[in-house]
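Colleague: I'm new to this one and would like a close look at a single part. Could you pick a spot, tell me whether it's buried or exposed, and then work outwards from there?

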Amino acid sequence: MSITEDQARKVAHLARIAVDEDALPALARELDSILQFMDQLNEVDVEGIEPMTGVTPMRLKRREDVVSSGGMADRILSNAPDAREGFFAVPKVVE
Amino acid sequence: MTDPNRLTIADARDALARGDLTAVELTEACLTAIEGAGTLNAFVHHTPDMARQMASAADARLKAGDAAPMTGIPVGIKDVFCVKGVPSQAGSRILQGFVPEYESTVTRNLWTAGAVMLGKLNQDEFAMGSTNESSCYGPAVNPWRGAGGVQLTPGGSSGGSAAAVAADLCLGATGTDTGGSIRQPAAFTGTVGLKPTYGRVSRWGVIAYASSLDQAGPMTRTVRDAAIMLGAMASADPQDSTCADLPVPDFEAALTGDIRGKRIGIPREYRMEGMPDAIDALWREGADMLRDAGAEIVDISLPHTKYALPAYYVIAPAEASSNLARYDGVRYGHRASLGAGEGITRMYEKTRAEGFGAEVQRRVMIGTYVLSAGFYDAYYNRARRVRALIKRDFDRAFAEGIDSILAPATPSAAFPLGSVDKGDPVQMYLNDVFTVTLNLAGLPGISVPVGQDAQGLPLGLQLFGRPFEEGALLNQAAVLERAAGFVAKPDRWW
């Protein structure tokens with residue numbers, strides 16, 4: 001399987017990374033060489049093997065469903081590139 | 001005391017306890033060493049005021065008889081750890097200007113123990129890389145130089161940490177290891193790097209790369225120092241649901257020097273075609289040293305080793321594409337400026353194109369691809385099933401009575417900066433061939449300097465241990481360290 005320029009454009013869009021049209025052929029080639037390297041995995045017999053989800057046989061910890069923190073909007077907004085009136089500000093989303 | 005910055009953590013601790021040295025003197029020596037080492041580009045954010053304040057507090061604590069093992073010990077912190085009030089950007093332009101409002105659990109534990117913060121250390125962007133060249137600050141430089149004075153990579157991603165420890169700029173440093181990012185730079189700089197068992201150290205406040213693989217650990221000049229520093233970094237943590245609820249043992253007390261009767265496996269699959277003779281010879285010598293100390297050397301097989309690298313380069317980018325989705329120019333860091341009529345999607349796309357470097361973009365896109373509809377089973381699920389088989393290889397070896405496994409740390413010594421073809425990512429990924437298996441299986445591993453190549457550059461061996469048995473692993477590593485007697489230091493040229 002080889003990656004076409006269209007597929008490269010699509011994956012860049014899904015990843016929300018702007019890629020210039022003239023950079024697409026090189027990107028497609030790069031992705032293709034990495035995916036070819038991964039194709040080795042097809043040699044392995046994985047019949048009956050469950051996909052691994054965690055390395056330790058440990059039940060994920062539970063905690064009480066209670067508010068444990070909060071009330072610090074100003075601190076949370078302190079790193080925002082654009083914050084106004086207690087909110088993150090972004091370009092207009094809804095026309 | 002002259003040049004106290006050259007002390008080991010253990011010796012500095014003892015000198016501080018005896019009153020032969022103060023934490024302020026020790027910290028000043030490190031700050032002076034850092035000031036004179038700008039060429040190495042190891043420290044990328046400097047915190048001298050914080051260091052001096054913390055050193056004074058440590059001296060007060062020492063005087064009051066309230067000292068912990070790391071009290072007054074100056075350390076460097078990899079940029080990937082959030083330190084409250086100190087720029088923390090994981091080597092990325094996209095986190096330019098980000099100053100955390102909170103403290104990572106690891107650094108909080110270190111400050112609680114009385115360690116002194118010297119500054120933030122260089123790394124590959126988001127810990128993705130093996131050469132430090134993907135850093136937004138430019139690469140850290142290895143204090144060891146090649147023939148004719150050529151500048152070498154300190155390895156990556158924790159290259160700044162390794163360079164700083166090797167050049168005596170700090171007594172110890174934090175690193176993180178997702179596919180070898182502690183052990184490979186340690187091997188390239190003649191230092192010790194420990195990747196603990198997944199879940200031994202909290203990931204809270206550590207900027208994420210691949211959450212099922214990331215683990216923080218100490219980088220030090222000796223195995224004993226690694227034991228001391230791990231003890232201060234590790235803890236159970238309600239803030240990280242994957243952090244194990246286990247007591248933290250006294251790792252230093254495990255260093256008995258006695259490994260008689262231990263069964264150490266030599267995995268035949270790690271004998272790669274084209275492996276340099278120096279690495280092969282080093283591996284044999286390491287096995288002989290452990291045998292001479294009373295261990296039993298056993299040939300073992302880890303049959304799925306060959307598939308670890310492709311499995312890793314599916315799983316890690318998949319997790320990264322998900323973790324790095326948060327860098328959208330809304331909540332922190334860089335936001336691209338927009339032209340008239342450009343909307344929010346364009347803002348995301350431009351912000352991420354400007355903020356992420358080439359390797360990060362590549363991995364985010366590969367991860368996006370392998371998780372996308374139609375490819376999820378073929379790539380991601382298949383890689384996770386292969387991962388289960390890789391872990392089963394180790395489980396079987398341990399079930400057959402193997403205590404630990406000895407392998408080379410890297411396929412070569414440190415190589416010149418700029419020598420890896422950036423257009424051939426697969427070639428670069430091959431650097432991680434001996435290290436990624438451990439992360440996939442979640443096991444602890446340590447890189448110990450054991451010898452030098454024909455050029456005089458350091459070479460390391462790795463020991464892999466049983467889960468949550470870092471004490472036994474450190475003990476074996478200490479025996480190897482002593483038998484190898486590696487004392488070489490880089491000539492000071494910077």
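Modeller: With 28 C-beta neighbours inside 10 Å, B:Tyr198 counts as buried. That word applies when 20 or more other C-beta atoms lie within 10 Å of a residue's own; exposed is 12 or fewer, partly exposed is in between, and the C-beta atoms are placed from the backbone. Keep in mind that this is a predicted model, where local features need pLDDT of at least 70 and side-chain atom pairs count only at pLDDT 80 or more, while totals for chains, interfaces and linings use all residues. As for names, residues are numbered from 1 along each chain as its sequence is written, and chains are lettered from A and ligands numbered from 1 in the order in which they are written.

You'll find B:Tyr198 in the loop between strand S5 (192-195) and S6 of chain B. Helices (H or I, at least four residues) and strands (E, at least two) are DSSP runs, numbered from the N terminus. Leaving aside neighbours within four places in sequence, B:Tyr198 is in contact with A:Val55, A:Thr56, B:Gln215 and B:Gly442; contact here asks for C-beta atoms, placed from the backbone, within 7 Å. From B:Tyr198 to B:Arg363 it is 165 residues along the chain, with 22 Å between their C-alpha atoms.

Two of those partners belong to chain A, which brings us to the contact between the chains. Chain A puts in 38 residues and chain B 55 residues. On chain A's side, the elements giving two or more residues are helix H1 (5-14) and helix H2 (24-38), and the largest share, six residues, is from H2(A). Sorted by class, that side of chain A has 25 nonpolar, six polar and seven charged residues. For the sorting, Ala, Val, Leu, Ile, Met, Phe, Trp, Tyr, Cys and Pro are nonpolar, Asp, Glu, Lys and Arg are charged, and the others, Gly among them, are polar.

Next, the residues with a record attached. An unreviewed UniProt entry lists B:Lys78, B:Ser157 and B:Ser181 under "active site"; the positions use the numbering given here, feature names are shortened, and such annotations may be inferred rather than shown by experiment. They span 104 residues in sequence, yet no two of their C-alpha atoms are more than 11.3 Å apart, so they gather at one spot. B:Ser157 sits in the loop between strand S3 (116-121) and helix H5 (159-166) of chain B, and it is buried, with 35 C-beta neighbours inside 10 Å. B:Ser181 is in the loop between strand S4 (172-176) and helix H6 (183-189) of chain B and is buried too, with 35 C-beta neighbours inside 10 Å. Not counting residues up to four places away in sequence, B:Ser157 touches B:Ser181 and also B:Gln123, B:Asp124, B:Ala127, B:Met128 and B:Gly129. The contacts of B:Ser181, counted that way, include B:Ala127, B:Gly156 and B:Ser158.

Most residues other than glycine have a negative phi, and most peptide bonds are trans. B:Asp3, in the segment before H1 of chain B, has phi near 45° and is exposed, with 10 other C-beta atoms within 10 Å. B:Phe468 has phi near 60° and is in the loop between strand S11 (458-464) and helix H15 (470-484) of chain B, where 19 C-beta neighbours inside 10 Å make it partly exposed.

The domain assignment gives domain 1 (4-258) and domain 2 (307-382), with bounds that come from an automatic or database assignment. Taken over C-alpha atoms, their centres are 28 Å apart, and their contact takes 21 residues from domain 1 and 17 residues from domain 2. The largest nonpolar core has 167 residues, and B:Val116 is among the members that touch the most others. Such a core is a set of buried Ala, Val, Leu, Ile, Met, Phe, Trp, Tyr and Cys residues joined through C-beta atoms within 7 Å.

How values were computed: Two residues are in contact if their C-beta atoms, placed from the backbone, lie within 7 Å.
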